[in-house]
Amino acid sequence: MYFDSHAHYDDERFDQDRDELLTEMHNKNVDLILNSGESIDSAKKTLELIKKYPFIYGAVGIHPHNAKKTCESDINLLRDYSKNDKIVAIGEIGLDYYYDTSPRDKQRYWFKRQLELADELDLPVIIHSRDAAQECFDIIKSSGVSKGVIHCYSGSAQMALDYIEMGFYIGLGGVLTYNNARKTVEVAEAVPIEKIVIETDCPYLAPAPMRGKRNNSMYLEYIAEKISQIKNIPHKEVAEITKNNAVKLFNISNA
């Protein structure tokens, strides 16, 4: 029923019950999951997950937080990892000027370098953009990359439409359900359902009823329900359309 288009099941917070949790949610209503990488170590763990679980696909990339310790040999590793048929995107990559964990010049350099890699491999990208909306948009536009998703989208409705015009999808998650999410609700109103994918970003950003708890893919139902209310579309239809959107984006042929 659901496709979680952005999750981090390699995170240590799942170490105690990962297998039980993934098995339970897949038996209930989570058909597919995209596990998104953040580092070389995360990429290796993602490769283990996609090998063990048929319903999990993966993305490999260097998160802007880790840009300060990235080198060209890491790009070569990402290229090698992407030879796996179940690695379907480069990500998550981008800019984060909120935490500034890595120097901004290094964030920019490795963001551009990974966009080049995605273009070389003809893979979609998963974009992280926080407090760097315009610069992130400008870098992507100048790169020529035209397929991917802006994950956990936090920009304006107009910029979301500009991204769609470029060929991108908009990722909506638990933030949409928060009481102070007026801007994100405006985005959900403006963006056509055919260009929305839903995500948890678990273990982070649990939706409102579970806020503060460890997030997981079963909580997608709260995000789908919120979109259902905003767009006046039946819940099941939201789940089906957003699943099909993600399948198309990540070019998953046997879903």
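Because the model is predicted, local features need pLDDT of at least 70 and side-chain atom pairs count only at pLDDT 80 or more, while totals for chains, interfaces and linings use all residues. Residues are numbered from 1 along each chain as its sequence is written, and side-chain values use heavy atoms, with hydrogens and water left out.

The sheet is open and has eight strands in the order β1-β2-β3-β4-β5-β6-β7-β8, with parallel pairing; helices (H or I, at least four residues) and strands (E, at least two) are DSSP runs numbered from the N terminus, and two strands pair if DSSP finds at least two bridges between them. Its edge strands are β1 (2-7) and β8, each of which pairs on one side only. From one strand to the next the twist averages 25°, where axes are lines fitted to C-alpha atoms, for helices over the stretch in contact, and angles run from 0 to 180 degrees between N-to-C directions. In general, strands of a sheet pair through backbone hydrogen bonds, either parallel or antiparallel.

Strand β2 (residues 30-36) is joined to strand β3 (residues 56-60) by four bridges, and the two run parallel, with Asn-35 standing opposite Gly-58 in β3. Helix α1 (residues 18-28) packs on the sheet, where it touches β2 and β3, and its direction makes about 135° with that of β2; contact here means heavy atoms within 4.5 Å.

Further along the sheet, six bridges join β4 to β5 in a parallel arrangement, and Ile-93 stands opposite Ile-127 in β5. The chain crosses from β4 through α4 to β5, and this β-α-β crossover is right-handed, a crossover being right-handed if, with the strands pointing away from the viewer, the path from the first strand over the helix to the second runs clockwise. Five of the six residues of β5 (residues 125-130) are buried, so this strand is largely enclosed by the rest of the structure; buried means under 20% relative accessible area, exposed over 50%, and partly exposed in between (1.4 Å probe, protein chains only).

Strands β5 and β6 pair in the parallel sense over three bridges, the bridge partner of Ile-126 in β6 being Val-149, and β5, α5 and β6 make a right-handed β-α-β unit. Val-149 also has a bridge partner in β7, namely Tyr-169, and three bridges join β6 (residues 148-150) to β7, again in parallel. With helix α6 (residues 157-166) between them, β6 and β7 make a right-handed β-α-β unit.

Strand β7 (residues 168-172) is mostly covered, with five of its five residues buried: Phe-168, Ile-170 and Leu-172 point one way, and Tyr-169 and Gly-171 the other way. Three bridges join β7 to the parallel strand β8 (residues 196-198), and the bridge partner of Ile-170 in β8 is Ile-196. The chain passes from β7 through helix α7 (residues 182-190) to β8 in a right-handed β-α-β crossover.

Helices α4 and α5 also meet one another. The axes of α4 (residues 104-121) and α5 (residues 133-143) come within 10 Å and cross at roughly 35°. Arg-108, Phe-111, Lys-112 and Leu-115 in α4 meet Glu-135, Cys-136, Ile-139, Ile-140 and Ser-143 in α5. The residues of this contact divide into five nonpolar, one polar and three charged, where Ala, Val, Leu, Ile, Met, Phe, Trp, Tyr, Cys and Pro count as nonpolar, Asp, Glu, Lys and Arg as charged, and the others, Gly among them, as polar.

Two charged residues show what lies around individual buried positions. Glu-92 is in strand β4 (residues 87-96) and counts as buried because its relative accessibility is 2%. Leaving aside neighbours within four places in sequence, Glu-92 is in contact with residues including His-6, His-8, Glu-38, His-63, His-128 and His-151; the C-alpha atoms of Glu-92 and His-63, 29 residues apart along the chain, are separated by 5.6 Å. Lys-243, found in helix α9 (residues 235-249), counts as buried because its relative accessibility is 15%. With neighbours within four places in sequence again left aside, Lys-243 is in contact with Met-1, Phe-3, Asp-31 and Leu-32.
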